[in-house]
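Dear colleague,

I am handing over the structure below, together with an account of what was found in it. Please look through the sequence and the model before reading on.

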Amino acid sequence: MEKLDHLVTRHVAERVLMPERLEALLQSVIDRRVKADAEVQARIDELSRERTTAEDKLRRLYQLVADGIAEPDDMLKEQIAKLKAERERAHSALERIENQDAAASRLDPNKLARFGQLMRSNITEGEVPFRKAYLRSLIDAVEVDQHVVRIHGSRTVLERAILADRATQPGVRGFVRKWRARRDSNS
């Protein structure tokens, strides 16, 4: 068992956790991310156009009222309310997209190198239980045949581990973007 542990540890450290290998393993994730970034940018452009169109229409309606060409009747008020709602919807959607940190989290070469170095150090140095815990965080299973040892892991888990690199993001990580007051009987 000790020989197998050493073999798996050495293989993961020398082959999997090298920056070039990490990049190759995660190329499909990187490709998906690039495609998603293009789709997000297209959505941002569309929402910006919608917001600008609604603002232009509102401006023209206000100008018609200011010039005395149109009277502020119920139909005009409905149209103004509808355009304001469209503008606000587009504006809110744009804010949500801009506040998402997915675009900020990139698998850049420096981050891959730092992660690889940190994990190589973690799995080869220190107390055995901690080294095994780091290995288990990356490896799902190890299959042993007569002449082959197969190491299985998830690319998604690897990506999350790289993106959550504590060396570049000190402090407490949370899942809530903004703190909000409770709205129940205990608040």
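What follows covers the pockets, a surface patch and the salt bridges.

Please keep in mind throughout that this is a predicted model.

The largest pocket has a volume of about 430 Å³, and its lining is made up of 16 residues, among which Asp-5, Val-8, Thr-9, Lys-132 and Leu-135 lie nearest the centre. Sorted by class, the lining of the largest pocket holds eight nonpolar, two polar and six charged residues.

The second largest pocket contains about 270 Å³ of space and is lined by 13 residues, with Val-16, Leu-25, Ile-151, His-152 and Gly-153 lying nearest its centre. At least two lining residues come from each of helix 1, helix 2 (19-25), strand 2 (149-152) and helix 7 (155-163), and here too helix 1 gives the most, with three residues. The classes in this second lining are seven nonpolar, four polar and two charged residues.

Helix 1 also has a part in the surface, since Leu-7 is placed in that helix and, with a relative accessible area of 36%, is partly exposed. Together with Val-142, Val-144 and Val-149, Leu-7 makes a nonpolar surface patch of about 280 Å².

Turning to the charged side chains, the count comes to seven salt bridges, of which I describe some here. Within helix 1, Glu-14 and Arg-10 form a salt bridge whose closest N and O atoms are 4.0 Å apart; because these two residues are four apart in the helix, about one helical turn separates them. Glu-14 counts as exposed, at 51% relative accessibility, whereas Arg-10, at 39%, counts as partly exposed.

A salt bridge between distant parts of the chain joins the side chains of Glu-50 and Arg-89, at 2.4 Å from N to O, with Glu-50 in helix 3 (residues 27-66) and Arg-89 in helix 4 (residues 74-99), 39 residues apart. Glu-50 is partly exposed at 26% relative accessibility, and Arg-89 is likewise partly exposed, at 43%.

Finally, Arg-150 and Glu-143 meet through their side chains in a salt bridge of 3.8 Å, N to O, and a network of salt bridges links Glu-143, Asp-145 and Arg-150. Arg-150 is partly exposed, with a relative accessible area of 34%, and Glu-143 is partly exposed at 38%.

With best regards

How values were computed: Residues numbered from 1 in each chain as written. Predicted model: local features only at pLDDT ≥ 70, side-chain atom pairs only at ≥ 80, totals over all residues. Heavy atoms only, no water. 1 Å grid on protein atoms, 1.4 Å probe; cavity = no way out; pocket = protein on both sides within 12 Å on 5 of 7 lines; lining within 4 Å. Points joined across faces, edges and corners; volume = space filled by probe spheres on them. Nonpolar A, V, L, I, M, F, W, Y, C, P; charged D, E, K, R; others polar. Patch = residues over 30% accessible without salt bridge, like charges linked within 9 Å, V, L, I, M, F, W, Y side chains within 5 Å. Areas by Shrake-Rupley, 256 points an atom, 1.4 Å probe, with all protein chains shown as cover. Buried < 20%, exposed > 50% of the residue type's maximum accessible area, 1.4 Å probe, protein only.
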